[in-house]
Amino acid sequence: MKKSVIFGALTVAGLAAGAAAAGTLDDVKARGKLNCGVATGVPGFAFTDANGDWQGFDVAVCRAVAAAVLSDATAVEFVPTTGKTRFTALASGEIDMLARNTTWTFSRDVDLKFTFVGINYYDGQGFMVPKELGVSSAKELDGATVCIQTGTTTELNLADFFRINNISYEPVPIETNAEAQQQYLAGACDVYTTDASGLAATRASFENAGDHVILPEIISKEPLGPLVRHGDDEWGDVVRWTLNTLIAAEELGITSANVEEMSAAAGDKPEINRMLGTEGTLGEMLGLDAAWAKRAISVGGNYGEIFAKNIGEETPIGLARGLNAQWTDGGLMYAPPFR
């Protein structure tokens with residue numbers, strides 16, 4: 001078993017090294033389309049609407065990158081990936097970037113040879129149970145059957161938590177969120193565990209959401225963010241600074257409603273001028289034009305707008321900003337300076 005795991009890691013790393021030899025930015029420009037890996041369907045984060053169009057918090061990052069690079073937020077081929085297939089898809093070059101609520105870990109960074117360009121959601125693993133189970137704490141789950149997505153960090157976190165608390169469980173392996181939802185509602189497992197944001201998104205899709213409880217324990221740190229292959233720093237910079245643009249725009253008061261006006265002429269705030277291209281050469285440094293950041297913001301707005309529209313407290317998902325508030329408002333969201 002250990003040999004197969006090691007072989008798999010080396011295979012992914014080898015694919016990543018080969019795919020990264022080419023310049024992804026040039027490939028995307030030549031293709032005229034961004035290939036972006038997303039989840040197979042998680043309400044609020046990545047899902048298709050009634051018209052078959054992709055929507056969601058992670059999807060918005062893909063569209064912002066497409067707008068920055070190709071001047072067209074619709075020039076995206078969304079590639080649904082599971083916990084098992086996502087890394088191979090990225091390493092092989094099938095996708096140019098992955099924006100799929102993926103946790104930044106040591107081994108994924110170092111061993112699998114991926115570059116996480118930043119964090120777009122600070123999360124942690126939790127547990128959801130039917131209210132009728134009468135459970136109020138994860139420590140009361142001794143002997144429970146647990147639905148868990150394979151190929152994810154949640155598998156190891158789950159094993160650690162139950163081991164530390166000297167309780168047992170029976171895993172029910174599933175591959176997609178849709179399968180997890182089906183199995184959980186059918187009673188194939190007592191508990192569904194994944195990132196707390198994913199639990200909130202899943203519960204919001206239930207016909208009787210109030211019949212299910214998310215337990216208070218958060219058992220891990222899950223910094224989620226977009227990633228690219230090692231060895232292609234030019235492309236990594238483009239994706240990284242597009243994400244930083246969305247985060248910084250909120251702090252600086254740039255929104256989808258005022259970005260056109262603010263980019264029409266240089267104002268009295270130098271950082272905004274540099275970001276929006278009315279002074280300096282930041283776009284040129286990235287291999288893009290001066291209006292790249294303006295276009296990224298125009299698509300879905302700044303980070304706060306994207307959060308509020310897709311997963312915020314006024315949506316069925318109902319997530320508070322919490323750690324994902326700006327650093328100026330008690331949270332951890334923080335973009336490096338545009339200078």
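This is a predicted model: local features need pLDDT of at least 70, side-chain atom pairs count only at pLDDT 80 or more; totals for chains, interfaces and linings use all residues.
Local features here need pLDDT of at least 70 and side-chain atom pairs pLDDT 80 or more, while totals for chains, interfaces and linings use all residues. Residues are numbered from 1 along each chain as its sequence is written, and side-chain values use heavy atoms, leaving out hydrogens and water.

Trainee: At what angle do the axes of helix H9 and helix H13 cross?

Mentor: Helices are DSSP runs of H or I with at least four residues, numbered from the N terminus. Axes are lines fitted to C-alpha atoms over the stretch in contact, with angles from 0 to 180 degrees between N-to-C directions. For H9 (residues 233-252) and H13 (residues 292-300), the axes come within 10 Å and cross at roughly 65 degrees.

Trainee: Is Ala-293 buried or exposed?

Mentor: Ala-293 lies in helix H13 and touches Thr-245 and Met-275, not counting residues up to four places away in sequence. Buried means under 20% relative accessible area, exposed over 50% and partly exposed in between, with a 1.4 Å probe and protein chains only. Because its relative accessibility is 0%, Ala-293 counts as buried.

Trainee: What is the relative accessible area of Asp-160?

Mentor: Asp-160 is placed in helix H6 (residues 153-164). The residue is classed as partly exposed because its relative accessible area is 43%.

Terms used: Helices (H or I, at least four residues) and strands (E, at least two) are DSSP runs, numbered from the N terminus. Contact means heavy atoms within 4.5 Å.
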